[in-house]
Amino acid sequence: MTRTAVQYRSLQSGDEQAVLRLLRACGYSPNERWWRWINQECPQGKTLVELAVAEDGEVVGHYGVWPKLLRSGGTTLRAGMAIHAAVHPDHRGLSILQELMRRTVERCREEGIPFIYAFPN
């Protein structure tokens, strides 16, 4: 596959199948029902997802932050857990993930999520 320029945008209705294809190409094995729950139906809020989309419309990058509520010292805090950092193998090395992370962190600030944590896998 030839690398092409990408455009960045937030997840939109109708992106689900393209995102699932990307995640599978990157070694994840999500099913549609699980993906819908974690991204759209989670009780603590919709996952904030930023995408990189190639000129042909295919999703080639994904970064999400899953809203969480944490308790610390009797106080409930809004936070976000980073999930599904993925760049299609044919598009790696283009700083796509760096830009997706920057955009997602900015959205978290706008949504009042003061910090993000992650677990390496």
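At 39% relative accessibility, glycine 112 counts as partly exposed, and you'll find glycine 112 in the loop between α3 and β5 (116–117). Glycine 112 is 33 residues from alanine 79 in sequence, yet their C-alpha atoms are 8.7 Å apart in space. Keep in mind that what you're looking at is a predicted model.

**Aromatic pairs**

- Searching the whole structure turns up two aromatic pairs.
- One of them brings together tryptophan 37 and tryptophan 66, edge-to-face, with 6.0 Å from centre to centre and 80 degrees between the planes.
- That pair ties together distant parts of the chain: tryptophan 37 belongs to helix α2 (residues 32–41) and tryptophan 66 to strand β3 (residues 59–72), 29 residues apart.
- Are the two tryptophans buried or exposed? Tryptophan 37 is partly exposed, at 36% relative accessible area, while tryptophan 66 is buried, at 12%.
- The other pair is tyrosine 117 with phenylalanine 119, also edge-to-face, at 5.8 Å centre to centre and 85 degrees between the planes.
- Phenylalanine 119 is exposed, and its relative accessible area is 59%.
- Back at tryptophan 66, there's a charge to look for too: the charged end of lysine 68 sits over the tryptophan 66 ring, 4.0 Å from the ring centre.

**Salt bridges**

- How many salt bridges are there? The count comes to seven.
- Arginine 9 and aspartate 15 meet through their side chains in one of these, with 2.7 Å from N to O.
- Aspartate 15 counts as buried at 8% relative accessibility, whereas arginine 9 is partly exposed at 23%. Aspartate 15 gets the buried label because its value is under 20%.
- Another salt bridge joins arginine 21 to glutamate 58, and their closest N and O atoms are 3.0 Å apart.
- Here too, distant parts of the chain are linked: arginine 21 is in helix α1 (residues 16–25), and glutamate 58 is in the loop between β2 (48–54) and β3, 37 residues apart.
- Arginine 21 is partly exposed, at 43% relative accessibility, and glutamate 58 is partly exposed as well, at 27%.
- Glutamate 106 and arginine 109 also form a salt bridge, where the closest N and O atoms are 3.4 Å apart.
- Glutamate 106 and arginine 109 both sit in helix α3 (residues 96–110), three residues apart, or about one turn of the helix.
- Glutamate 106 counts as partly exposed at 33% relative accessibility, but arginine 109 is exposed at 58%.
- There's a network as well: Glu50, Arg103 and Arg107 are joined into one by salt bridges that share partners.

- Which residues of α2 are buried? They are Trp35, Ile38 and Asn39.
- Looking down the axis of α2, you'd see these buried residues fall within an arc of 85 degrees, so they line one face of the helix.
- The cover over the buried residues of α2 includes α1, β2, β3 and β4 (75–87).
- In α1, the buried residues are Glu16, Ala18, Val19, Leu20, Leu22 and Leu23.
- What covers the buried residues of α1? The cover includes α2, β2, β3 and β4.
- Just past α1 comes glycine 27, which takes a positive phi of about 100 degrees.

**A buried loop residue**

- Where is threonine 47? Look in the loop between α2 and β2.
- Threonine 47 has a relative accessible area of 6%, so it counts as buried.
- Setting aside neighbours within four places in sequence, threonine 47 is in contact with Ile38, Asn39, Gly64, Val65, Trp66, Pro67 and Ile83.

Terms used: Residues are numbered from 1 along each chain as its sequence is written. This is a predicted model: local features need pLDDT of at least 70, side-chain atom pairs count only at pLDDT 80 or more; totals for chains, interfaces and linings use all residues. Side-chain values use heavy atoms; hydrogens and water are left out. Rings of Phe, Tyr and Trp (its six-membered ring) pair if their centres lie within 6.5 Å; planes under 30 degrees apart count as stacked, over 60 as edge-to-face and the rest as tilted. Helices (H or I, at least four residues) and strands (E, at least two) are DSSP runs, numbered from the N terminus. Buried means under 20% relative accessible area, exposed over 50%, partly exposed in between (1.4 Å probe, protein chains only). A charge sits over a ring if NZ of Lys or CZ of Arg is within 6 Å of the ring centre and within 35 degrees of the ring normal. A salt bridge is a side-chain nitrogen of Lys or Arg within 4 Å of a carboxyl oxygen of Asp or Glu. The arc is that of the directions from the helix axis to the C-beta atoms. Contact means heavy atoms within 4.5 Å.
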